[in-house]
Amino acid sequence: MKNAWWILLWLPWFSLMAQDFSFRKNRIFLGASVEGAYLLTSDEYAREFLQSHGVRFYNFHVRFQPLPGDPYDKAYRSPSLEFGVLAADFRDIRLFRLENPSRLSGMGGLFALYGAFRRDVVEAGPFRLNYFLENGIGWSTRPYDGLQNPDNELIGAPLSIYFGMGVGGNFRIGKQWELSVGLHFRHFSNGSLDRPNKGANTVGASLGVSHTLSVPEASEASAPVRDPLSLSQKRMYVDVSVGWMASTLMDEWFYSLRCPSDDPRYRTKDFRLYSALGVSLSAMYRYSLRFASGLGVDYGYLPWVDDVASYDRLNHTEDRYSRHSLGICLKHEIFYKRFSTCLSVGYYLYRHTGHLSHEFEKPYYETFGLRYTLPFGDTFYVGYQVKAHLFRASCMEFSVGTRL
């Protein structure tokens with residue numbers, strides 16, 4: 001049941017792939033690349049068991065570049081939408097603690113299905129410089145297992161959220177071939193939907209090649225396209241969203257490591273998924289076709305705090321507790337057709353979530369997410385976001401909302 005919720009992460013991309021990506025309306029590219037990367041250590045704790053860092057990535061993708069005409073494509077200078085398969089080889093990664101080198105753990109392989117937004121920012125003759133953002137779902141062949149793979153605390157579950165970003169350069173060699181180079185940052189984690197959740201972060205450089213399948217006639221490129229949202233005018237609006245927040249508990253993870261070996265929860269790989277309610281109200285100003293910014297209030301109703309209190313009592317570390325959380329935040333939204341990327345930085349006015357929160361939560365928080373505006377009404381949307389404290393994931397939230 002827990003894994004069934006992961007399909008929500010791909011609902012917006014499913015709707016996008018249902019659109020018309022015909023040869024007549026798009027330049028279409030097939031490409032492949034290989035990348036050498038370095039696995040980063042997130043903190044001193046990870047350095048205790050991460051003994052090697054070399055990773056290889058292999059990428060296969062199809063890229064669609066819409067013809068000019070749509071106001072968004074004009075504003076972004078004809079960006080590309082990409083869908084691909086990413087294969088990561090982590091078999092050279094060695095995980096063990098120096099006090100127990102015979103207990104060797106590993107990470108195996110990671111595979112991701114992803115969608116990407118790529119935009120050229122410089123074009124000079126046959127050369128183009130671009131940036132790209134990627135988002136998708138990953139699957140691990142060798143995640144954490146408390147008994148069989150105990151030191152892989154980076155990838156804690158078979159399914160992961162994948163996020164990537166970087167810059168690249170393309171050099172045209174003939175009418176239908178291009179060489180590409182890129183610098184990448186890649187992140188795999190489960191967004192606190194399972195434990196452990198340290199995540200795997202890599203930086204690397206890639207070399208690739210792509211082949212153009214179609215070059216539409218110039219006359220087709222000039223056809224005007226109606227703005228699908230009719231939101232190009234500057235305006236104020238109120239953004240209201242209600243969401244289901246999901247998370248596992250850090251408290252339960254630590255208990256599984258420290259409890260007696262005859263306890264059924266000792267070194268378990270099955271952690272309870274807790275639910276909570278999130279409500280957000282924001283005053284936003286859309287000052288261009290692409291951007292809107294504003295100020296918001298975030299409320300959370302967190303029933304899981306009761307179980308946090310139970311774990312604190314077991315550890316004799318009782319603290320203050322409340323099911324209610326309230327914060328204020330600065331918000332920014334970046335639009336492209338029916339899609340938007342949402343970011344916020346906030347500060348808690350009220351939050352009491354137990355002893356471990358003093359160590360792993362901060363008085364401030366960040367969110368990053370993706371929204372899809374539904375075709376009817378052009379004001380209702382669905383989306384998801386990751387909430388984090390100093391880039392440490394706290395929960396996932398799946399939401400519905402409206403812009404009034």
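**A cavity lining and its surroundings**

Guide: The strand β7 gives the lining of the second largest cavity its largest share, namely seven residues. This is a predicted model, in which local features need pLDDT of at least 70 and side-chain atom pairs count only at pLDDT 80 or more, while totals for chains, interfaces and linings use all residues. Residues are numbered from 1 along each chain as its sequence is written, and side-chain values use heavy atoms, with hydrogens and water left out.

A strand here is a DSSP run of E of at least two residues and a helix a run of H or I of at least four, numbered from the N terminus. A cavity is a set of points on a 1 Å grid over the protein atoms alone where a 1.4 Å probe fits but cannot get out, and its lining residues have an atom within 4 Å of a point. Grid points are joined across faces, edges and corners, and the volume is the space filled by probe spheres set on them.

The second largest cavity holds about 260 Å³ of space, and of the 24 residues that line it, S33, H61, R118, S180 and S206 are the closest to its centre. At least two lining residues come from each of β1 (26-39), β2 (54-66), β5 (127-140), β6 (159-172), β7 (177-189) and β8 (200-212). By class, the lining has five nonpolar, 13 polar and six charged residues, where Ala, Val, Leu, Ile, Met, Phe, Trp, Tyr, Cys and Pro count as nonpolar, Asp, Glu, Lys and Arg as charged, and the others, Gly among them, as polar.

R118, one of the residues closest to the centre of this cavity, also forms a salt bridge (a side-chain nitrogen of Lys or Arg within 4 Å of a carboxyl oxygen of Asp or Glu). Its partner is E82, and the closest N and O atoms of the two are 3.5 Å apart. Because E82 lies in strand β3 and R118 in strand β4, the pair ties together parts that are 36 residues apart in sequence. Both E82 and R118 are buried, a word that stands for under 20% relative accessible area, with exposed meaning over 50% and partly exposed in between (1.4 Å probe, protein chains only).

R56 counts as partly exposed because its relative accessible area is 31%, and D92 counts as partly exposed at 42%. These two residues belong, together with D89 and R91, to a network of salt bridges.

To set this in the whole structure, a search finds 19 salt bridges and two cavities of 30 Å³ or more. The largest cavity has a volume of about 430 Å³, and of the 36 residues lining it, those closest to its centre are S280, D298, K331, Q385 and E397. Its lining takes its largest share, six residues, from β12, and by class it has 14 nonpolar, 14 polar and eight charged residues.

Key. On a 1 Å grid over the protein atoms alone, a cavity is a set of points where a 1.4 Å probe fits but cannot get out, and a pocket is an open set with protein on both sides within 12 Å along at least five of seven lines; lining residues have an atom within 4 Å of a point.
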